[in-house]
Amino acid sequence: MSENLWSNVDEYLVSLLLPSDGALEETLAQSAAAGLPPISVAPNQGKMLELLARIQKSRRILEIGTLGGYSTIWLARALPSDGSLVTIELEPVHAEVARENIERAGLGHLVDVRVGPATDSLRDLIDEEVPPFDFIFIDADKEGYPRYLELSLRLSRIGTVIVADNVVRDGDIVNSKSSDERVVGVRRFLELAGEDDRIEGTALQTVGSKGYDGFALLVVTQ
Ligand code: SAH
Ligand code: DHB
Ligand code: MG
């Protein structure tokens with residue numbers, strides 16, 4: 001089965017289910033123009049994030065890995081008018097592009113883009129004793145996923161939903177001997193998620209316009 005077919009099916013699903021969306025299309029165009037890599041979630045994945053956050057009635061969302069703000073915009077649209085979203089990004093240029101995109105989408109008042117290594121920003125949030133987040137999307141460097149899970153749990157409550165992107169990566173994760181730090185990171189993340197009594201979850205493989213990958217869906221249960 002070819003990637004071309006996966007992309008055609010994604011296009012078909014998107015054409016039927018997702019209305020064309022100027023703010024999101026402009027976000028991708030501006031991100032590309034600024035030289036950001038084309039690694040945002042696909043439109044149908046973005047919509048799934050929005051729906052998960054809305055179904056859960058999320059009022060406070062945390063995102064780790066902003067890029068140009070594409071997934072941020074999907075998630076922020078799930079929020080009520082007095083909700084909030086903190087998104088964390090290492091690269092100042094990515095963060096600036098994201099701020100412009102989020103502003104153009106009319107969501108600037110809901111979103112706080114924090115620049116710096118995710119570990120530092122997460123520790124800052126813990127030190128600030130912010131209220132727990134309802135929904136957390138982990139999508140930054142894959143090496144960091146085990147640490148981001150630990151820190152996310154400290155920013156969670158019972159019922160917090162944690163979604164992690166890119167947990168399959170062309171199936172590389174079944175290679176227990178891989179020396180690729182990204183594979184090692186995702187494998188450790190999944191092990192921790194499975195071992196931790198505070199979490200219940202699952203993971204699904206996906207194919208589509210972004211290739212062969214997958215996401216994990218976790219709920220904090222205690
Ligand atoms: N969530 C975005 C895509 C994120 S791509 C979307 O779907 O639209 C991953 C992002 O994580 C990149 O912008 C990268 O610069 C950022 N990143 C990489 N390492 C990081 C780190 N240590 N801390 C915070 N962000 C990091
Ligand atoms: C990469 C990162 C992502 O978050 C993604 O969805 C796809 C690729 C990457 O770093 O290559
Ligand atoms: Mg991703």
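**Reading the ligand and metal sites**

Modeller: Let us begin with a single contact, bearing in mind that this is a predicted model. A polar backbone atom of leucine 67 is 3.4 Å from an oxygen atom of ligand 1.

Colleague: Which side chain has an N or O atom 2.8 Å from an oxygen atom of ligand 1?

Modeller: That side chain belongs to histidine 94. A pair of N or O atoms is read as a polar contact when the two lie within 3.5 Å.

Colleague: How much of the area of ligand 1 does the protein bury?

Modeller: Of the 580 Å² that ligand 1 exposes when taken alone, the protein buries 89%.

Colleague: Which residues are closest to ligand 1, and how does its shell divide by class?

Modeller: Ligand 1 is surrounded by 21 residues, and the closest are Gly65, Ser71, Glu89, Ala118 and Asp139. The shell holds 10 nonpolar, six polar and five charged residues. The space that ligand 1 takes is the largest pocket.

Colleague: Where does ligand 2 sit, and which residues are around it?

Modeller: Ligand 2 sits in the largest pocket. Around ligand 2 are Ile39, Asp139, Lys142, Asp165, Asn166 and Arg169. By class, one of these shell residues is nonpolar, one is polar and four are charged.

Colleague: Which atoms of isoleucine 39, aspartate 139 and lysine 142 lie by an oxygen atom of ligand 2?

Modeller: For isoleucine 39 it is a backbone N or O atom, at 3.3 Å from an oxygen atom of ligand 2. Aspartate 139 places a polar side-chain atom 2.8 Å from an oxygen atom of ligand 2. For lysine 142, an N or O atom of the side chain is 3.0 Å from an oxygen atom of ligand 2. On its own, ligand 2 has 290 Å² of accessible area, and the protein covers 69% of that.

Colleague: Which residues coordinate the magnesium ion (ligand 3)?

Modeller: To read a metal site, one lists the donors and then their spacing in sequence. Asp139 (OD), Asp165 (OD) and Asn166 (OD1) coordinate the magnesium ion (ligand 3), at 2.0 to 2.1 Å. The spacing of these donor residues in sequence is D-x25-D-N.

Methods. Residues are numbered from 1 along each chain as its sequence is written. Chains are lettered from A and ligands numbered from 1 in the order in which they are written. This is a predicted model: local features need pLDDT of at least 70, side-chain atom pairs count only at pLDDT 80 or more; totals for chains, interfaces and linings use all residues. Side-chain values use heavy atoms; hydrogens and water are left out. A residue is near a molecule or strand if one of its heavy atoms lies within 4 Å of it. A polar contact is a pair of N or O atoms within 3.5 Å; within protein, one must be able to donate a hydrogen and the other to accept it, and residues adjacent in sequence count only if both atoms are side-chain atoms. Accessible areas come from the Shrake-Rupley method with a 1.4 Å probe; for residues, only the protein chains shown count as cover. On a 1 Å grid over the protein atoms alone, a cavity is a set of points where a 1.4 Å probe fits but cannot get out, and a pocket is an open set with protein on both sides within 12 Å along at least five of seven lines; lining residues have an atom within 4 Å of a point. A molecule sits in a cavity or pocket if more than half of its atoms lie within 2 Å of its grid points. Ala, Val, Leu, Ile, Met, Phe, Trp, Tyr, Cys and Pro count as nonpolar, Asp, Glu, Lys and Arg as charged, and the others, Gly among them, as polar. Donors are N, O and S atoms within 2.8 Å of the metal (3.2 Å for Na, K and Ca); water is not among the atoms, so sites may look incomplete.
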